[in-house]
Structure formats: structure tokens, C-alpha cells
Amino acid sequence: MTSNIKSEDTIAAISTPMGRGGIGIVRMSGPLAFRIIKTVFRHKKPPSSIRSHHLYLGEFIDPSNGKMIDEILVSYMKAPNTYTREDMVEINSHSGHLILSKILEILLKNGARLANPGEFTYRAFINERLDLTQAEAVLDIINAKSEKALQLASNLIKGGLKERVEKIRKRLIDMISHLEVAIDFPEEVEEILSYADMAKEIKDEIIKSIDRIVDSHINRKIYMDGVNTVIVGKVNVGKSSILNRLSNEERAIVTPVPGTTRDIIESIIHIEGIPLKLMDTAGFRKAKDEVEKIGLKLTNERLSRADLILLVLDQSRKLEKDDTEILKRCPMEKTLVIINKTDLPPSDSFTTLPSILKGYRAVRTSALTGDGIDRLLSSIKDIILRGEIDMDESDIVPNLRHKSALLRARDYLISGISDMEDSLPLEIIADDLRSALDALSEITGENATEEILDNIFGSFCIGK
Ligand SMILES: Nc1nc2c(ncn2[C@@H]2O[C@H](COP(=O)(O)OP(=O)(O)OP(=O)(O)O)[C@@H](O)[C@H]2O)c(=O)[nH]1
Ligand SMILES: [Mg+2]
């Protein structure tokens, strides 16, 4: 995408989602934006009276035949105080696919070109209004599924990660310039720098702050992507009833007939701002027919990809091979056992806690009466947070791209330290530190490759 972009083009796109709605917005950015809008917009005020960042009511007309298309509101935004740092125009019209497409088509006929996906944000990046971490955060905001995800994205947009990376880069640049001076004045090396001090600073300060950022990546997975949670268990133990209780609605069909659930039923819930994708599965038993076999195969697949497994047992029935078979597939560290149907008298197997559950976390519930569901929720919370995630308002959470660049930088720094310990020539040390710096610069976008940019902006929608 980036290769065919010319910023002298004026770009236009529909920026609101397609479909019926109150209003729709068509956006235009670039040097011709004001000239194009002048040919299609008829309003009472003389053009000379138009002021930046004000709204004007008038008619959108097709200049080829003078016909009015819609009554619209136009906002003029003069560079550089705009999203893209270019002249921008936003047209608020009635919404609907036909009307918005017509307006766009006329803008394109009069000198604008259709924007590529993410091109408005790309221009904001190229024109240095946003760095790359902030541009990515725009996408995070659009995709945020929970309030916490939104907050993390807004920390990025405010430049939190950019600032921290900048700080590290500054220190490295400082070290590299000392090394360069020392290279030029070899006889004065000892006065200019000390390997021991430099290695200590890299180890104790730079690498530590890199690690701190990298470690919080795990929070991104939890808050942004959510926790994949699979409910499994033998047939008829109450899996679907548990799903319905947790999601507070009748999502899955519940019947006394064993084998009711065959497909995987999904529901999204939030616990303390963390999205949980709950999946109810077909009950585990020796498959009776082809449909059930497929259902079980799916369950096995989901189990292997789950972040959290809720294994349901029915304490009113004896523990059977079907229960123990499935238990074997549930790794202890990510499983919570739900001992369900506590409103019924316990079977012999459950008068005490069965020994095969030793080491597993377990809670007792009655999905029928709702008893124990609060305990279940707080146990789920304990497991996913594991007491490790302690986030405050200003936390910065890197995405995978940031994380891998940080780790690359870290590797070069470690190698720089060992160069120093081995008293290798200054040039080699400077080279390693420069490579670390390059990796860090990729994060903010100073030297991001075209491939990286395409990858980021290509995942935006058109109009953003
Ligand atoms: N007494 C009692 N009955 C329950 C409880 N939970 C579920 N049931 C009943 O057990 C039966 C099976 O419940 P489901 O939720 O459909 O069980 P399931 O595990 O999804 O069953 P399959 O989809 O067939 O594997 C239904 O009749 C429920 O009303 C409970 O805590 N106590
Ligand atoms: Mg079911």
C-alpha cells in the first residue's frame, strides 16, 4: 500500500459504517480538499467568510447537472491542526449506502482519489502527528471489546510507550556518541568512557526497563484478546446451565436428555473488565453417532487452545470413566473444576473430595439454584489474574510487534555487554548498540520497513 501512496493526492472515503443510520460521514484530506468541496457544496455564506473548524449547512450538488443530492453539514479543517495534518473536509449527510456512495463518487469525479485502508492514519503518521505506536492504538480503540482494553489503547495513544522507548533510545544514543568519540581519540579512551560503567548502566537500567515493558505484554493478551474459556465435562452434568448462569441469559439449550449440546455455543462475558469468551461444548462420552463424534473432535481441539478450562462434574452421580478421561486432558494450571448439582444429595464418589482431584482448584455450585455462582466467578478471576497483574491507570502494554522489537534490542544489548567484558574493539561494541537502537526505532516507526507499515495500515478499514 505504502509504495503507491502520493501525499500530493487528495483522498476521500466514507468513514462511517455501511448500513442505515442517522448520519454518515464522508471524509476528504489533501491539498485539493477545499477546492473540490467548493465545486459541490452550495451554501448561503460567501466562500471568503468560511472559517476553519466551523460547521456550515448547505446542499451537496452534482456539478455535472446541478442536481441537489442531499442537505449536508460541512466542516472545514485547515492544516496543520487536523487528523492528517493536511487540509481536511468532513461531510455529514444522511446515512444509507446509496447516498454516501453517490457523494463519494462525485468527490472522486472532481479530483479526489479513493483512500486506501488506513490511509488517513498513515498520513497522520507520515506527517508526524502520530508515531507508529499511536497509529496502532487507533486500531486498538476501534477494536476494543472492554473498558480496560480501551483504557490501555488510550494510554498508547497519549504516547506512553513512545515516551518510554524514547528515553531508552536517548541513553543509547548518548553511549554510542561516547563510543564514537573514543574511536576517534583512541589514546584518550580511558578518560572518555569506562566499559564497566557502561555495562552496568545497560544491565541495571536499560535492560531492566525493557523487561518491564515486555513483561506487561501478557496483560495485552488478557485484556485485548480476552481469555478463551472452554466448558467441558461428561454429558448432562450441567455445562450448558453453567454457561447460561455465567452469561445471565438462556444462551444454550438445557434438557434432561444427555447429549443435548452438539455444536459449540459461545458467549462473551466480562469479569473485572476482562473479556471471557465462554464456549459450551458437547458432553464427553463414547460417541453414539457421527454428529457426536464431530462435536467431540471439536471439543478436543478447543481444549488444546484454551486459556482456561472449566471442567464440570455432577456430584449427584458417581465418578465414571468419562469424567476421568476428560480430566486427563485438563492441565492442572489452567483448569477449574466445578462440582455441580450441590442441591442434590452427593453420590458415594463425592461424600469426600475425590482423590483424583487432588491439586486441582475446585468450586461447588448449583446451576439450578444459582448457589455458588459468585464463588465460581471469583475463582475464575483469581485464576486469570493469578495475583500477578497489578495494573494502574498509566500502564503501558506493548503489542506483539513492539515486544519482538524490544527483545531484539535486548539481545543486541546483551551481546554488547559481553563484548565489553571481553574487551573487544570499540567498533564492535558500537555496532551492537547501534543495532539495538535500530530495533527500538522500529517501534516508534523512525525506521520501520515498508513491510511493517503495510502490515499495520493494511489492517485498518477504509476511511480511518
Ligand atoms: N438439580 C440440578 N439439576 C441441574 C443442575 N445443573 C443442571 N441441571 C439439570 O441437568 C440437566 C442437564 O443440564 P445441561 O445444562 O443441559 O447439561 P449439559 O452438561 O450441558 O448436558 P449435555 O449438553 O447433554 O452434555 C438439565 O435437566 C438441568 O436442568 C444443578 O445444579 N442441579
Ligand atoms: Mg449442554
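Start by selecting the magnesium ion (ligand 2): Ser240 (OG) and Thr261 (OG1) coordinate it at 1.9 to 2.1 Å. Donors here are N, O and S atoms within 2.8 Å of the metal (3.2 Å for Na, K and Ca), and since water is not among the atoms, sites may look incomplete. Ser240 sits in helix α10 (residues 239-247) and Thr261 in the loop between α10 and β9 (265-271), so the pair ties together parts that are 21 residues apart in sequence. Helices (H or I, at least four residues) and strands (E, at least two) are DSSP runs, numbered from the N terminus. Both Ser240 and Thr261 are buried; buried means under 20% relative accessible area, exposed over 50%, and partly exposed in between (1.4 Å probe, protein chains only).

A word on what you are viewing: this is a predicted model, where local features need pLDDT of at least 70 and side-chain atom pairs count only at pLDDT 80 or more, while totals for chains, interfaces and linings use all residues. Residues are numbered from 1 along each chain as its sequence is written, chains are lettered from A and ligands numbered from 1 in the order in which they are written, and side-chain values use heavy atoms, with hydrogens and water left out.

Stay in the loop between α10 and β9 and click on Asn248. Its phi is near 55 degrees, a positive value in a residue other than glycine. Asn248 is exposed, at 72% relative accessible area.

Next, colour the domains: domain 1 (2-128), domain 2 (162-216 + 396-444) and domain 3 (223-385). These bounds come from an automatic or database domain assignment. The centres of domain 1 and domain 2, taken over C-alpha atoms, are 46 Å apart.

Now show the open sheet of 7 strands, ordered β3-β4-β5-β6-β2-β1-β7 with mixed pairing. At the edges stand β3 (41-42) and β7 (113-114), each with a single partner strand, so one side of each has no neighbour in the sheet. Two strands pair if DSSP finds at least two bridges between them. Zoom in on β5 (residues 67-77) and β6 (residues 88-94), which pair in the antiparallel sense over 5 bridges. Ser75 has Glu90 in β6 as its bridge partner.

Between β5 and β6, find the loop holding Pro80. A cis peptide bond joins Ala79 and Pro80, with omega about 5 degrees.

Last stop: select Ile202 in helix α8 (residues 195-215). Ile202 is buried, at 0% relative accessibility.
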